[in-house]
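This report describes a structure for a reader who has not seen it before. The sequence and the structure come first, and the description follows.

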Amino acid sequence: MNNRKTSVFDGILGDNMVLSSLMVISPVIICGDTLKNAEALSYAFTSVTILSMLIASFVPKKLPYTVKIIIYAMISSLVYIPVKVATQEFYRGAIDRIGIYFPLLAVNSLIVLQSEAKFFRMPRAKMFFSLFFYVVGFDIVMLLTGLIRELLAYGTINGRVADVDLPVSGLSQPFGGFIFLGLMCGLYRWIRSLVSREKKEMRSEPNVSDN
Amino acid sequence: MVKAFRKERIVWIDLMITLLVLEVMSYFYYGPRSAVLAGMCVSAAVIAEILSLRLMRRKFTADDLTCTSDALIIALMMPPVIDMKIAVLAVLFGALAAKNVFGGRRNMIFSPAAAAYVFVLTSWGRKLLLYPEPHTKTGLFDDPEGLVSSASYIYNTTGKVEHTDFELLLGNFTGPSGAVSILLLAIAAVMLMFRRNISVGAFLGVISGTVLFAAVTPVAGTRAGSVKYSLIMNMVLFASIYIVADRRIAPKREYFAFFYGLFIGIISYILVLTKALENAIVIVSVLLTPFALALKNLEKKIEMADYAERAALRENTAGAADLPEADEKEADPHE
């Protein structure tokens, strides 16, 4: 991979799980058409992922890989039950709107794949912070997508009518979600390249104090 | 390379001539609003093209003017009284999201006009599918009144067409402003085919598929009527010339292009027959883009295999040219 130093904040900009690795994109594309859906999905994703990974980090590392993945999936499925009950309480009707993508959050790629590949190789404190910022990175993308798509597609913000002259209802469709996410990925990469170019330039500038 | 560039410009000029003729006809039926709509679309396309080329750090050349023909196609597929903002958004979508995001005019996957049409259909379908009657002139800033469904919609749902053949030929019936002038479209098709500006195979494929299925399973009462109206309605002729037979999208080999067009013709006819889906051909042409890409990949593989075979043959002949001297030397003792 690249030689740059990894930071616990990478999950937000440097290695955003949706915009950089294109992980967990289906709920963003299919269900991220309103802010209410986005809020419910962000809440459920954050709760299920952080709680499951924290509990799963205590699973003995000596167990075979396959067994560990099965145990992680079982843990996240158990965590999913109270999270679903709470979501029904906080966001009424959201689960019906989101459909199959809601239970699928329990086996998202952060828990099933990245846990072993990345997070469980870190010390527990660092893992927690890193995981937290990865989840925050997902939440930011999810909420931004929900907000902008709802505004442009329905002319509302969180269900309240906004002054939009010409709603583009195609953006509420999955194909609109694909296009929107594609444009966001392009923008993200452009910002990231700008940041990295600036860092390189700063490093290559001669240090004045040396003279 | 120079020849390819010249060819691209000549194709664009020919396409623009035919499109401008259709625009003149639209002006005749719907007044200056139609011309202003076309002008807005072309201006928006040029601005979008210049901006996106600047972002890609490329220069705007005469070849990039092909964006204007795409814009004109979009304008001619819409009702002349459509909201200007919708038309401009459609052109921007076609130029930016359907073309330049994929790398510009040399890496095109979708027909920008078809993708833009589908985008408008999903977002403002009601506004897109209601048209003014011919000879109804709407002012530039007036709200359109008395909009009606297209003749295609009536044909799809009832199987009837209440227009004479003369009216149909001259485009004197409700529908998209540029896609109704059947006589002009037929002339444009012949001209563009003879000048090799459109894919002949793809065009004939669409016509064959539509004619075949219209004759086998007619929408209208008689087979002849079904064949005639299936070609005239639902933008079949217009889309088969300017979208399906677009040389940038259709496979290069006429044989492959024919089957590409044939499938589009058949599937769109089935959609019209079973779902009464208006202008299904445009939607199907976008959906069958992967098929066109697969055929293009197959063409590349065949070209590579041909090239490898020719290279091997050349090596063999070069080897054979060297061999006779040795053969002669070896052959002599036996004699």
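Chain B has 14 helices and 2 strands; helices (H or I, at least four residues) and strands (E, at least two) are DSSP runs, numbered from the N terminus. The model is predicted: local features need pLDDT of at least 70 and side-chain atom pairs count only at pLDDT 80 or more, while totals for chains, interfaces and linings use all residues. Residues are numbered from 1 along each chain as its sequence is written, and chains are lettered from A and ligands numbered from 1 in the order in which they are written.

Along the principal axes, the C-alpha atoms of chain B fill a box of roughly 100 × 55 × 30 Å. Chain B has 335 residues, of which 45% count as buried. A residue is buried if 20 or more other C-beta atoms lie within 10 Å of its own, exposed if 12 or fewer, and partly exposed in between, with C-beta atoms placed from the backbone.

The largest nonpolar core has 98 residues. Such a core is a set of buried Ala, Val, Leu, Ile, Met, Phe, Trp, Tyr and Cys residues joined through C-beta atoms within 7 Å. Helix α5 (residues 112–128) of chain B gives the largest share of this core, 10 residues. A second, separate core has 44 residues, including A:Cys31 and A:Leu152.

B:Ala75 is among the residues with the most contacts inside the largest core. Leaving out residues up to four places away in sequence, B:Ala75 touches B:Leu37, B:Ala38, B:Cys41 and B:Ala87. Two residues are in contact if their C-beta atoms, placed from the backbone, lie within 7 Å.

B:Lys85 lies in helix α4 of chain B and is exposed, with 12 other C-beta atoms within 10 Å.
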